[in-house]
Amino acid sequence: MTETNIIEMTGVEKRFGTFTAVSDLSLSLREGEFFSLLGPSGCGKTTALRMIAGFQEPTDGRVTIDGQDMQGIAANKRPTNMVFQSYAIFPHLDVGDNVAYGLRNRGLKKAEIENRVSEALEMVELGGLQRRRANELSGGQRQRVALARALVMRPKVLLLDEPLSALDKKLREQMQFEMRRLQRNLGITFVMVTHDQYEAMTMSDRIGVMFDGKLVQVDSPETLYAKPCNREVASFIGEMNFLPAQVSARQENSLTVTTTCFENLKIETNPNVRQGYGDILVGIRPEQIEIAAKQPDGYDATFRGDVVNVAFYGENVHYHVRVEGLDRPVSASVPNYFHMVDFREGDSVWLGVQSASVIDLGENEPS
Amino acid sequence: MNLRSEGAKGVALSAPATVYVGFLVAAPLLILVAYSMWTQTYVDIDRTPTLANYREAFTDPLVRHLMIRSILIAAAVTVVTVALAYPIAYFIAIRAQKKTLWLLLITIPFWSSYLLRVFAWKLILGFNGVLNSALLALGLIDEPLTFLLYNEFAVVLTLAHAWAPFAILPIFVSIQKIDPSLLEAATDLGSSRIESFLRVTLPLTLPGIIAACLVIFIPTVGDYVTPSLVGGSDGKMIANLIQVQFGAANNWPLGATLSLLAMLSVGFVAIVFVLSANGFGRRIR
């Protein structure tokens, strides 16, 4: 991947009256990457996207696209195109005319418009549906038309505002793969806004996590999952068990911690968190906790608990295990593997973790 | 009747409307058709069917003249009203903060009677009217303007004012219904404001424009109060002639014939208009 930045946002801020929707956002997007802005609704991610598109002017800060300052450049003059959450398919036009809409603005020749429209429709697997009316389309087809309509413009950056939220689960998963494939083949930079962590993780090269108008962490899905920068990110992406821990020793790249569940366990420091001097919070992913009837061998730490709740998910089973001295039960998720593990409510069990699974989440600020 | 079957339910539900339409629309229409084929003798009516009235209506140049003038005046009223109503409706739907207040303000003319409003225009446009007095007082003219009242212009102006809310409301509704993201999509795809208006807003509000046109055009062709009060001899319309047949001239059969012909002409013009407007809308891409 080349290291040119297609989008640079520097100190971008957007205020609506006294409300600050986006504050001090700085972000560099690489050419050809699939980037997602992830966050709960109202965190400012859509506002950020709309500032790139030109539908909103930043109150402060700068946006450049492909080296060009976008200050004062209207949305219709920017080298970006957008797939809207509602798809915004023109209801008075058929599929072909919807896709051709932007090309007609450019005054291209009729034959070229037709070629590019049919090429774009082929690309989203809607070949030959040019004359289909907008109101005869299914949700998935509308989404594909919206994609084709934007991609036919050959934008430098494609912006996607919650593009899959209106589709049902099966279709959504299928479109995730297709959009990923399209993005790879075309090499166009995609910037997607979503509140769905799985969607962001399956599709993106990098994810920016936003809370309350602030960009909190930008990393690859794997790093976000393994080394979240704070408790908020850790609980927003995937599930996480949180344990307050006392630090008994600090080494260059490791900490020795003690929690209710284990004593003096040496764990890796997390480069993404701010290192302090007080007690810290550690996190353990539910799928990285072993659950067994007898004390399991080969784990760095083992502790006892009682099963209080069992949730069967099909591919795996979630156990909530109450551990003496903890307010919340520990959640452990086990693959449903020939029913090797089968506990009931009230069973007394052993839990085991490796020290590599214990994530340093930095200073334990009261939340 | 077994109200459980779908068909019976449908019949039962539509019965009041059927009776209403039957007695108040279909029956009077049939009576009108019957009258148009009868003949007025001095005091009586000769009920032998004849097409003599139609022959008379088609050959009389006055009828043709008034019919064409009525349609042209109504068309002018429609064009003026809709052209003025569109920006107002657009403003209320897109820009205005207090939509309800604006809509209320627009209905204010209706708080006084139609007749009073026509008289008001008479007072404004008259020889010694408000407008002439004001212009004289300001020294802009030396003698009162006479082209203001008692002509087609006065008729068009008065009717356009009277019908404005009927044009604003359907257009307002059709603009209000447009999903704002469609306009953003148009902008995103490179359209300027004017291009988005012409290629997205206009075609999507076409149904509202067509509705407004019909709502104004159809009743305006048959209006007789306004032309008789402010139209003078140049502004008389077909309805004034029909009124005379049922009143002073006492020729109900001819009046019925003229009514039916007016109805058919209006229907024909309206259908041609709707078809061509829709055809125009489909050509916008």
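Hi everyone, a salt bridge here is a side-chain nitrogen of Lys or Arg within 4 Å of a carboxyl oxygen of Asp or Glu. Keep that in mind as we go through the structure above. It is a predicted model, so local features need pLDDT of at least 70, side-chain atom pairs count only at pLDDT 80 or more, and totals for chains, interfaces and linings use all residues. Side-chain values use heavy atoms, with hydrogens and water left out, residues are numbered from 1 along each chain as its sequence is written, and chains are lettered from A and ligands numbered from 1 in the order in which they are written.

Let's begin inside chain A. Chain A splits into domain 1 (5-231) and domain 2 (241-363), with bounds from an automatic or database domain assignment. Their C-alpha centres are 38 Å apart. Each domain of chain A gives eleven residues to the contact, where contact means heavy atoms within 4.5 Å.

How much area is buried between domain 1 and domain 2 of chain A? About 920 Å², with carbon and sulfur atoms giving 51%. Buried area is the accessible area (1.4 Å probe) that two parts lose on being put together, summed over both. On the domain 1 side of chain A, the residues losing the most area to domain 2 are Tyr225(A), Lys227(A) and Arg231(A), together 65% of what that side buries. The two domains of chain A share one salt bridge. Lys227(A) turns up again here, in a salt bridge with Glu268(A) at 3.8 Å, N to O.

Now to the two chains together. Between them, chain A and chain B bury about 1,900 Å², 56% of it on carbon and sulfur atoms. Chain A brings 22 residues to this contact and chain B brings 20. In chain A, Asn76(A), His92(A) and Tyr101(A) lose the most area to chain B, together 30% of what that side buries. The count of salt bridges between the chains is two. Arg285(B) and Asp97(A) meet in a salt bridge at 3.6 Å, N to O.

Last stop, a helix pair in chain B. Helices (H or I, at least four residues) are DSSP runs, numbered from the N terminus. Axes are lines fitted to C-alpha atoms over the stretch in contact, and angles run from 0 to 180 degrees between N-to-C directions. H4 (residues 99-106) and H7 (residues 152-176) of chain B pack at about 160°, with axes 10 Å apart. H4(B) and H7(B) are therefore roughly antiparallel, the word for angles over 145 degrees. Lys99(B), Leu103(B) and Ile106(B) of H4(B) meet residues of H7(B) including Ile168(B), Leu169(B) and Phe172(B).

Technical notes. Helices (H or I, at least four residues) and strands (E, at least two) are DSSP runs, numbered from the N terminus. Angles under 35 degrees count as roughly parallel, over 145 as roughly antiparallel, 65 to 115 as roughly perpendicular and the rest as oblique.
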